[in-house]
Structures are given as structure tokens and as C-alpha cells.
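Notebook open, structure loaded. I want to look up the annotated sites and what sits around them.

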Protein chains: 2
Amino acid sequence: MRVLGVDPGLTRCGVGVVEGVPGRPCTLVAYYVVHTDPEDGLPARLLHLDTSLTRLVAEHRPDSVAVERVFSQHNVRTVMGTAQASGIAVLAGARAGLPVQTYTPSEVKAAVTGSGQADKAQMTAMVTRLLRLPEPPRPADAADALALAICHVWRGGTRSKLAAAADRARRGGTR
Amino acid sequence: MRVLGVDPGLTRCGVGVVEGVPGRPCTLVAYYVVHTDPEDGLPARLLHLDTSLTRLVAEHRPDSVAVERVFSQHNVRTVMGTAQASGIAVLAGARAGLPVQTYTPSEVKAAVTGSGQADKAQMTAMVTRLLRLPEPPRPADAADALALAICHVWRGGTRSKLAAAADRARRGGTR
């Protein structure tokens, strides 16, 4: 199973691609950070993000996409941009016809480190170890995106399969 | 000048198209409300919104797009969906190569009613009068979208032209 994880952000958006099966170590395929210029207008920034994510999805042909769920408890000014970036990321997966699953930061932390309260350094260290990388992925946005992808592989895409089955049942199998 | 206004929302997204010039009454072209089913998953909802907005932009060929700016001061649960919907709306305009401008609710209210504190009933009444409609547009999401479009026509797209000129100057004319 190949998963493309996205740690959404308007200025820096982390993208990590891994391959693996539940319960086994994953293999790194690639990671990226998509940058947009804060001096550009919002339309140009969202367009750049959309183009980049759509291209990466087409290039790596993942089986599914995992995106970090955004909460509005943080910085009010940046959270709206992060929410918009996450919408673009979810859309990029959906437009490619892929199942898209969102995870909260603590779900990802718990899956990767065993603790929902793990800090950034712990997360980066675990991602480096789990993927047997010679050095930590930089910047940290890329590590977070890889952690999301690992989390989704280990959960076996269970929730998205269940959700899809529920959708089908609700629609009487018409879709 | 033809403007397509979007009052972003995940469950109900208002779209209003008007034509006009600054300082003169505008003419109604069309209005819509795009609905998505709250029981569907986020990817399906954002995809439906993207497809619908992209189709409406292609159909009406506006000169520019105006989108309401979202703040996180409201309901924490719905605001993230609204922010994601607004990102999809801005993207739909940008992907069509159109200038996209965002306005705060009070900018729109002030432009249309003369008061930044106008309530929903006042806004709907003014939109109905300004567009010389036989009855108020329903639901209110459509009236808000029409108000956004009127606001942008009356401002003559000034801010987006200035912003575009500033962008070009900053990039040394390469874009």
C-alpha cells in the first residue's frame, strides 16, 4: 500500500510518500515541502499548492491520501490559511479518485510514538528510525507528513474502507 | 464588468452573478446555492463544491470572482469547513485565470447598505432593491453572494488591479 501524507500549511506544506503494510516497517518513497510566498496573493498561493499537490499525486500514484485534520485552537491568523491548504490537499486526492483520510495530530503521534503527547523532536526521531533513514528528514513539516503516511499504512486504511462501505450502504449501492 | 460572488459554506455555498459598472445599478445574471450532504465525507463534499463552482465559472465567464473572507471568531466546528470551502472557491477562480478578491462581511455590508453592522434582513432587502428583483432571492446565502458581487462591481475591482500591479512590479514584470 502506497500512501501520500500531507501536513497542510499555506507557507510550508509537507508531503511524504511511503510504502508498506500494517504491522511492518514502511519504506520511504519520497518527501517534499511545497513553499508558497507569503507576499503573493491568496489565489496565487492556493493555485501553486493545488498544482504542486496534483502533480505529486499523479507522479507517485498512491493508493490513498492522508491529511492532518486542522483545529482552530491555534493562532487565529494562520489557522485559516492552514484550513484552506488542508481543503486543497483533500481536494487533490479526491479529484484523483483516491480515498482521503484525515487524522488528528494526536492520532498520528500515538500511532508513530505510542504517545499522543509526543513532541516534534520525538516524532522526527521515530520517523527517522521507522523508515531507517541515515538522517532526520528536514524540515520538520516533511517528517510530520511522513508520520501521517505511516499512521495511515499501519491503520490499513481501515476507517476509509469502513466509511466507503457505509456510504455505499446508505446510497443503496448506487455509488 | 461581470462578477461572480461566492458566500462560502460547506453545507450551503451561495453563488451570485451580476453585471454592472461602478456607481450604476447592477443587473442580475443568475444565482445558485450549491448544497453538499453533511453525511457525505469531507473529500466528496469538497469535490462536489469544486466541480460545481468550476462549472459555474466556466458557464458565466465572469471578469473576476469575489469571495467572502472567513474569520475564526464564530462556531469552531463549522468555521473550518467554511474556511476549506472558501479555499476551494478562491481556487476555482484562480484556476480559471481570473482575478479573485476577498472581502470581509463588514466591507460588503458597508458597500451595499451603507452600514457595516447591517443585519441579514437589511442586506436581503437592499440586494432585492438594488437588482430590482420582483422578490427577495432565497435562501439568504444567495443574497449574500449577490451582495459580494455588487460590492466588487462598485469597487471597480480596484484592489485586485492594484494588487496585481504590485505583484508585477515586485517580480520585475516577469509575471
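**Entry 1: A:Asp141**

I started with A:Asp141, which I found in helix H5 (residues 140-154) of chain A. Helices here are DSSP runs of H or I with at least four residues, strands are E runs of at least two, and both are numbered from the N terminus. Before going on I noted that this is a predicted model, where local features need pLDDT of at least 70, side-chain atom pairs count only at pLDDT 80 or more, and totals for chains, interfaces and linings use all residues. Residues are numbered from 1 along each chain as its sequence is written, chains are lettered from A and ligands numbered from 1 in the order in which they are written, and side-chain values use heavy atoms, with hydrogens and water left out.

Is A:Asp141 buried or exposed? A:Asp141 counts as buried because its relative accessibility is 12% (buried is under 20% relative accessible area, exposed over 50%, partly exposed in between, with a 1.4 Å probe and protein chains only). Neighbours within four places in sequence aside, A:Asp141 is in contact with A:Asp7, A:Arg12, A:Gly14 and A:Val33; contact means heavy atoms within 4.5 Å.

**Entry 2: the UniProt sites**

I checked the record next. UniProt, in an unreviewed entry, lists A:Asp7 and A:Asp141 under "binding site". They are spread over 135 residues of sequence, yet they cluster in space, with a largest C-alpha distance of 6.4 Å. Under "active site", again from an unreviewed entry, UniProt lists A:Asp7, A:Glu68 and A:Asp141. These span 135 residues in sequence, but no two of their C-alpha atoms are more than 11.3 Å apart, so they gather at one spot. I kept in mind that UniProt positions are in the numbering used here, feature names are shortened, and annotations may be inferred rather than shown by experiment.

**Entry 3: A:Asp7 and A:Glu68**

I placed A:Asp7 in strand S1 (residues 2-7) of chain A. A:Asp7 counts as buried because its relative accessibility is 9%. Beyond four places in sequence, A:Asp7 touches several residues, among them A:Glu68, A:Asp141 and A:Leu148.

A:Glu68 sits in strand S4 (residues 64-68) of chain A. Its contacts, with residues up to four places away not counted, include A:Asp7, A:Tyr103 and A:Leu148.

**Entry 4: A:Val108**

Last, I looked at A:Val108, in helix H3 (residues 105-113) of chain A. A:Val108 counts as buried, at 2% relative accessibility. How far apart are the C-alpha atoms of A:Val108 and A:Glu68? I got 8.5 Å, for residues 40 apart along the chain. Not counting residues up to four places away, A:Val108 touches A:Tyr103, A:Met123, A:Ala147, A:Leu148 and A:Cys151.
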